[in-house]
Amino acid sequence: MNRETEQHRINDVIREIDYKKNKLYSKATELKESIIGLRKNFWEDVTVNLDEPDDVIETQASLKQQAELLSERERFHGKVGEELKTLNKLKDSPYFGRIDFIENPGNEEEQIYIGIASLMDHNEENFLIYDWRAPISSLYYDYSPGKAQYETMQGTITGEMTLKRQFIIRHGLIEGMFDTGVTIGDQLLQQALGNNASTAMKSIVATIQKEQNKIIRNERSSLLIVQGVAGSGKTSAVLQRIAYLMYRFREKLTANNLLLFSPNPLFSSYISNVLPELGETNINQTTLLDFLKKGIENDIRIESPFEQIEYTLTKMDSKDYAVRLKNIDFKSRLDFKHMLDEYISRLKYGGIRFKNLTFRKQILISKEQIRDYFYSLDQEIAIPNRMELVSKWLLKEIYKQQKAEKKKDWVTEKIELLDKEDYMKAYYKSQKEDEDDPDREEKFLRSEVVNKYFSPIKRRVKQLEFVHILATYRELFTKGEFEEKPEDWKEISVHTEANLSHKFLTWEDAAPYSYFKDRLLGNHTNQSVRHLFIDEVQDYSAFQFAYIKYIFPYTRMTILGDVNQGIYTYATTANPLIPEELEKNQERITLTKSYRSTKQIVEFTKYFAPGKELIEPFEREGEKPKLITLSNKADIAETLSANVKELLDKGYETIAIICKTLQESTMIYHLLQHKISVKQINEQTYSFEKGLLVLPVYLAKGIEFDAVIIPNASKQHYALESDRTLFYTACSRAMHMLVMMTEDEPCTFIEQAARETFELL
Ligand SMILES: Nc1ncnc2c1ncn2[C@@H]1O[C@H](COP(=O)(O)OP(=O)(O)OP(=O)(O)O)[C@@H](O)[C@H]1O
């Protein structure tokens, strides 16, 4: 089939799309009118009669029926709207691929066209377009022409692929058409990767690679671990996987059953376009910090992971630096979790701290009374269950107090202070009470007032706020005696105690504290999330990952990351990406091909990549990375702006100056802000625009730019072996161009690269 015939087919398909759109439009209009009608006549169509109890029940039923009808229509209207959106997308670009396939044995050749959604022909009999997630579509991603097979619910289908064709269609017209031979999608992929970086991630549906397809369609594993080098498409693959799962299990899964942990808020917004582009609704996203914050008391300040890393990189001179590093190391380990478990099992018999319950500055029930009650309960009962019993007991006690309180003078005062409206309301309500009681009005007012004042206490009791979690956690460090403890336990304890006494939780303490709290108050395991996805998982400590597994015990997990980019100091201790051993239905997939950067950039960076993982570049040519040596310090601003201008002239749109720390990025920002237009990104930045940005490397995680400038790549600045992952992560953010600057000797990592892989200026 030549281009003309293919264009004819597209025209036919678009006619069918138009026909379907018209049909949907009239359906939508009909629905809209019926919804408006229903809303308008809502009360007329309901029979309201409240005379007898039976009538009330009937009225309720009639109301419910009417409301259900309305919401059903509204839901349906929403669905029609979604279908229309998809049809509009298909009209612009109906498909991106075609395969011709002969199923064994001796079947006829079939032509399969693949797009972002399915479309049936006029009689709803044959597929004009197959959804990319349909079983047969996997042929397109997994094979080149020749013998091929795919899995269906009924088993494996084998056969021969006689043609594989790719299309670029825009506004219904073929812009490009390639028949692929041995390598998959190279031409289309070349085009896609050659474009400028954008401020929002794009879907890769037309060019998914075989290895990525394995991640996307994996249904077997309860834990799927993906180790992929920088730019290998982990994030892209996980978003396609989410779209795949929502399609494959559309009867069972809704967007609320899926949750994605992302590394920072900027990243969350960066990827938020992909699912809607694929015609799916976005799923819930969070960062570990936000997730932990939800469970921790509001009056405790929690350090963010970025503050932690900034501290470790810039505060070497601070007097407790060494102990802080020990603290980070120990609290990141499972050893600390074992210690907590031991402590918690001792708390069964004594040691939990409680808070006084006070009312109007008087102690209602003292912490000692609460403690005694708690420890008088059967010790076989789990701590959280005992807490519930204490809460019930307290509510009863409070109720008694509340009754006694009613007669007191302060209540009389409060009644006098009531405004007229409250008074009237209470008066009318009190009329329903005992008619023969001459004091009914006052009694009623008294109980209303007391109730109002007691309800916050009751709420706190129901939320188990009478348990002093922070004080109990603190005593682990002040009084805890353990056989197995780290060498520097004393120092770590003093350090932790000091922070806790200021109601400050360091980042390394945040997950342990949450875990501790959940174990005492009842873990709020989450049963509604069925699939969990964690990107940049190499930055989770062993403890943090264990905590997530504890919260989501029955959830399937897909975790993705790159050991080369583990930028936290604990990244080497029990990284979740390198499990000691995998259980039966767990799987690990490794991606070695890097798609983001040009061949020249990958060839340069792979010399100093920290891990042992193989890194293969995708064949896309560009300029060699540049290393500029500055003749003196004053040159920085000049050289930076000159280079930025040059990059802009070359047509690059997103240029990032990536620094080691926030401190450095603030310094660079001040140097540049009056010279060129530049934006600084910090941990509160939620989105970014094209242009020049300056940011610390830990906030550039997962994101890419046309060009990257590293303003200080000197030996002094990237001095430690632990700086390797930071430097590698910074370099690997570049798609087309990498520029490094140094005032003196370049860092060891650059020295490790073969001399011919970069240009010296
Ligand atoms: N199959 C593909 N088709 C087209 N583009 C792709 C494909 N795979 C990856 N890319 C592109 O490569 C770039 C890197 O992808 P992505 O950000 O998903 O990689 P990553 O493995 O998450 O990277 P990192 O770990 O460095 O953050 C993106 O621009 C993405 O669109």
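1. The protein has a mean pLDDT of 87, with 95% of its residues at 70 or more, pLDDT being the predictor's confidence in each residue on a scale from 0 to 100. The model scores ipTM 0.98 and pTM 0.88. This is a predicted model, in which local features need pLDDT of at least 70 and side-chain atom pairs count only at pLDDT 80 or more, while totals for chains, interfaces and linings use all residues. Residues are numbered from 1 along each chain as its sequence is written.

2. The domain assignment, which is automatic or taken from a database, gives domain 1 (3-186), domain 2 (357-463) and domain 3 (599-760). Between the C-alpha centres of domain 2 and domain 3 there are 63 Å.

3. Around the ligand there are 23 residues, of which Thr207, Gly233, Lys234, Thr235 and Ser236 come nearest; a residue is near a molecule if its C-beta atom, placed from the backbone, lies within 6 Å of it. Helix H4 (186-194) and helix H6 (234-248) are the elements that give two or more residues to this shell, helices being DSSP runs (H or I, at least four residues) numbered from the N terminus.

4. Helix H18 (residues 469-478) and helix H19 (residues 489-501) have axes that come within 8 Å and cross at roughly 160°, the axes being lines fitted to C-alpha atoms over the stretch in contact and the angles running from 0 to 180 degrees between N-to-C directions. H18 is therefore roughly antiparallel to H19 (angles over 145 degrees count as such, and those under 35 as roughly parallel).

5. Helix H20 (residues 507-521) packs with helix H21 (residues 542-551) at an angle of about 30°, their axes 9 Å apart, so H20 and H21 are roughly parallel to each other.

Conventions:
Parallel < 35°, antiparallel > 145°, perpendicular 65-115°, else oblique.
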